[in-house]
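Let's take a walk through a protein model together, one piece at a time. Have the picture ready and follow along.

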Amino acid sequence: MTLRHLKIFIEVVETGKMSAAAKNLYIAQPSVSQSIHELETHYHTLLFQRYSKKLYITESGRLLYTYAKQLTAQFDRMEENMLTKKRREKFRIGATISVGGSILSPVVKRFRQEFPDLDVYAFVGNTQEIEDRLLNMDLDAGIIEGFVKSADLITIPLLEDPMVLACSADHPLARRSVLHIEDLQGQEFVIRESGSGTRELLDRFLESHDIRVTVAFEVHTPDAIKNALRFNQCLTLISARLVEQELKSGEFAAFSSQDSQWSRYFRIVYHKGMIYHKGMTYHKGIAGSTDMADHKTTSNAPDSPPHMLALQNIVSSYDQKSPLDHFIQGQFVDTYNLS
């Protein structure tokens, strides 16, 4: 089994056809078929099921695909670093939309200051997209608010993200100082797409209380959520960081949860198998102290590299009492839990 076998296998998985893989790799189709056969013989397992001239990847195939992506990504990085000495190292950060709309840009700015020899790339998507890219070695680290499912990823909770139930100031509920859970029954909501950590949190909350709401909008971006609130009398569950200006101006009203049912944290997440380049130059103190021994959110992950510790510390520095508390309209009370 060679790296060539793995690259051919990856191409077959991603194209779904041996003929397409052969075309993309500029080799004959029999060579592709032979490589797949050799892999299946080597590992004593079927990697694909063949039905009606179509390929369907097996569980063994999915497992091999995960490992193959990791190995080939590390090999490609090794080739870049060894063959081009002057090439700058890259660090790829993924962030969820809530993070991207709030702290990501200042976090990246400070990270660049601490690692001036790194080229930093940032990608914004939902929690599921970040998890998929980390597993495929397309990202080095993620900052998310949702939960990842893979045991191959290390997650470290760092920063509380205050969540609020928000609406426009002229919504009928905006005049209340207290909302009860039954007030949500039948209300129109604008929600995030499937795969979003915010969507998962809202779905769990509504289901646990047997609340039925009307989904008027399902969107991907904070701006689309805000417009649904402005023009369509919708409610939404959203990070207070994303509606800061609207709360301060009085355009929106917001309610916090009395018993912290919507509490969540921004988390650093990275692949436990990721190998980091030890030649990264770390300029401690440019953007503030990065001595994680003095910080309450020290990582439990073994041998975290300096740049990962620095990223944790930068994100954690935003963990302060939100000044938005002064602009929260009222509280949301779970009357089902009151005695």
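Two strands count as paired when DSSP finds at least two bridges between them. Keep in mind that this is a predicted model. With that idea in hand, look at strand β3: it pairs with strand β4 (residues 118–125) in the parallel sense, over 8 bridges. One of the links to spot is Phe91, whose bridge partner in β4 is Val120. β3 also pairs with strand β5 (residues 141–144), again in the parallel sense, this time over 3 bridges. There, Ala95 has Ile143 as its bridge partner.

How much of β3 is buried? Here 7 of its 8 residues are, so the strand is largely enclosed by the rest of the structure.

Among the buried residues of α4 are Gly61, Leu64, Tyr65 and Ala68. And what covers the buried residues of this helix? The cover includes β3 (89–96), along with α1 (3–15), α3 (29–43) and others.

Time for some rings. A search of the whole structure turns up 4 aromatic pairs. Take Tyr51 and Tyr56: their ring centres are 5.9 Å apart and their planes sit at 50°, so this pair is tilted. Tyr51 is partly exposed, with a relative accessible area of 49%, and Tyr56 is partly exposed too, at 41%.

Finally, find Arg133: it lies over the face of Phe123, 3.6 Å from the ring centre.

How values were computed:
Residues are numbered from 1 along each chain as its sequence is written. This is a predicted model: local features need pLDDT of at least 70, side-chain atom pairs count only at pLDDT 80 or more; totals for chains, interfaces and linings use all residues. Side-chain values use heavy atoms; hydrogens and water are left out. Buried means under 20% relative accessible area, exposed over 50%, partly exposed in between (1.4 Å probe, protein chains only). Helices (H or I, at least four residues) and strands (E, at least two) are DSSP runs, numbered from the N terminus. Contact means heavy atoms within 4.5 Å. Rings of Phe, Tyr and Trp (its six-membered ring) pair if their centres lie within 6.5 Å; planes under 30 degrees apart count as stacked, over 60 as edge-to-face and the rest as tilted. A charge sits over a ring if NZ of Lys or CZ of Arg is within 6 Å of the ring centre and within 35 degrees of the ring normal.
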